[in-house]
2 protein chains.
Amino acid sequence: MPTSRPPEPAAAVRPRGRRPAGEDTRGAIAAAAREEFAEKGYEAASVRSVARRAGVDPALVRHYFGDKAALFAAGVIPRGVDPAQSAADLVAGGLDGLGERLLRTVLGVWDSDGGVTFRAVFSGFGSGEVPSQALMGYVGREVFSQVARVLPGPDPALRVSLVASHVVGVLVTRHVLRVEPVASLDADRLAALVGPVVQRYLDGPLPGGA
Amino acid sequence: MPTSRPPEPAAAVRPRGRRPAGEDTRGAIAAAAREEFAEKGYEAASVRSVARRAGVDPALVRHYFGDKAALFAAGVIPRGVDPAQSAADLVAGGLDGLGERLLRTVLGVWDSDGGVTFRAVFSGFGSGEVPSQALMGYVGREVFSQVARVLPGPDPALRVSLVASHVVGVLVTRHVLRVEPVASLDADRLAALVGPVVQRYLDGPLPGGA
């Protein structure tokens with residue numbers, strides 16, 4: 001469960017410098033990207049500055065991630081979270097109660113560092129079109145498509161985008177606008193309040209037809 | 001109705017320079033603030049740069065609006081929109097159907113310029129705590145408090161913040177993330193889809209007690 005995921009102190013003491021090839025390097029670059037975008041924002045960060053932070057050659061960053069937008073998408077997903085796997089787990093649990101389980105999972109991921117990563121993502125959005133399109137493209141491919149596949153009716157994309165509109169709003173309200181009491185409500189309570197509402201978008205009737 | 005509000009060409013041809021005192025000056029400063037924050041973002045804009053754009057002394061800007069954060073809150077409300085009056089009108093229509101009327105009003109305001117002003121507000125949020133707190137403080141005083149007064153049950157603040165979490169999310173999804181089909185859905189259709197869901201937060205049962 002993402003909610004109980006322990007901190008990863010190893011990452012903090014890992015020395016900078018040359019790294020072995022493979023997944024460790026990829027993970028280290030993603031971690032460096034996360035830190036770099038969080039500290040500097042989307043505009044000021046670069047493939048080069050992320051490479052410097054990760055202790056690798058910029059060509060290796062481009063090899064693994066492509067351009068800055070793709071790096072942003074990969075970098076802002078919190079460490080240890082696999083959105084595609086989370087989506088598969090959620091969908092495997094069935095449509096019944098999916099709304100509340102979805103909220104629990106999303107809050108578990110983005111609450112885990114007090115909203116720091118979410119605010120970094122958010123600040124990337126504010127700086128232009130590219131980062132939000134990069135991230136939404138990623139989320140669309142990895143998450144939305146899996147959820148849409150199990151939804152009833154003729155317009156799963158509409159259902160998924162309505163779900164997204166509420167889930168994103170909860171995160172913005174909680175971690176950026178900090179409107180009380182949503183900002184400091186217990187995650188389980190918040191999931192119990194919002195989950196059934198989101199569920200209506202997942203499998204309830206859609207007014208006005210599809 | 002904000003949806004049918006015509007453009008205000010007078011603002012475009014109004015010459016810069018000395019202005020008469022009073023509401024016109026105040027309005028001109030707010031308009032200048034809106035343009036300035038939209039073009040430069042929160043960090044780069046200043047009381048001084050807004051004053052220059054409005055053709056007034058910075059002291060006059062401070063006299064009317066206080067500091068940069070307060071100016072941001074006043075400046076980002078689209079021209080011709082009075083949030084307190086809109087809230088009063090909505091509430092006067094009764095609780096029945098308030099969710100859908102609220103969505104219509106909000107979409108009417110923020111759709112009217114294709115989301116330009118909303119993205120400007122949003123970019124201000126991304127740049128730090130001050131602008132979002134300034135705006136939410138303003139919205140809380142002028143809007144939330146009026147809505148909360150007519151809601152049933154022991155926890156109107158919880159209801160209002162849940163409503164806010166969905167409404168903000170719809171705007172972010174539509175105008176910043178541009179997730180389809182929410183991004184390009186007809187406003188009436190979107191209000192018909194989201195309104196009944198928001199209505200549940202307004203007067204439905206809240207799971208888990210209050």
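**A buried valine, its loop and the helices around it**

Leaving aside residues up to four places away in sequence, Val182(A) touches Val170(A), Thr173(A), Arg174(A) and Leu190(A), together with Ser161(B) and Leu162(B); contact here means heavy atoms within 4.5 Å. The model is predicted, so local features need pLDDT of at least 70 and side-chain atom pairs count only at pLDDT 80 or more, while totals for chains, interfaces and linings use all residues. Residues are numbered from 1 along each chain as its sequence is written, chains are lettered from A and ligands numbered from 1 in the order in which they are written, and side-chain values use heavy atoms, with hydrogens and water left out.

Val182(A) sits in the loop that runs between helix H10 (156-177) and helix H11 (187-203) of chain A. Helices (H or I, at least four residues) are DSSP runs, numbered from the N terminus. Val182(A) counts as buried because its relative accessibility is 0%; the cut-offs are under 20% relative accessible area for buried, over 50% for exposed and in between for partly exposed, with a 1.4 Å probe and protein chains only.

Although Arg178(A) is not a glycine, its phi is positive, at about 50 degrees, and its 36% relative accessibility is why Arg178(A) counts as partly exposed.

Pro181(B) is placed in the loop between H10 and H11 of chain B, joined to Glu180(B) by a cis peptide bond with an omega of about 5 degrees. Arg178(B) lies in the loop between H10 and H11 of chain B, has a positive phi of about 50 degrees without being a glycine, and counts as partly exposed because its relative accessibility is 36%.

How are the two chains related?

Now to the packing of helices within each chain. In chain A, helix H7 (residues 98-111) packs with H10(A) at an angle of about 35 degrees, their axes 11 Å apart. Axes are lines fitted to C-alpha atoms, for helices over the stretch in contact, and angles run from 0 to 180 degrees between N-to-C directions. H7(A) and H10(A) make a right-handed crossing, meaning that the near helix is turned clockwise from the far one by less than a right angle. On the H7(A) side the residues are Leu102(A), Leu103(A), Val106(A), Leu107(A), Trp110(A) and Asp111(A), which meet Val163(A), Val167(A), Val170(A), Leu171(A), Arg174(A) and His175(A) of H10(A). The contact of H7(A) with H10(A) has nine nonpolar, one polar and two charged residues, where Ala, Val, Leu, Ile, Met, Phe, Trp, Tyr, Cys and Pro are nonpolar, Asp, Glu, Lys and Arg charged, and the others, Gly among them, polar.

In chain B, H7(B) and helix H11 (residues 187-203) pack with axes 6 Å apart, at an angle of about 130 degrees. H7(B) is therefore oblique to H11(B), as angles under 35 degrees count as roughly parallel, over 145 as roughly antiparallel, 65 to 115 as roughly perpendicular and the rest as oblique. Residues making the contact include Leu98(B), Gly99(B) and Glu100(B) of H7(B) and Ala187(B), Asp188(B) and Leu190(B) of H11(B). By class, the contact of H7(B) with H11(B) has 11 nonpolar, three polar and four charged residues.

Helix H3 (residues 47-54) of chain B is mostly covered, with six of its eight residues buried: Val47(B), Ser49(B), Val50(B), Ala51(B), Arg53(B) and Ala54(B). After H3(B) comes Gly55(B), with a positive phi near 75 degrees.

Note on methods
Helices (H or I, at least four residues) and strands (E, at least two) are DSSP runs, numbered from the N terminus.
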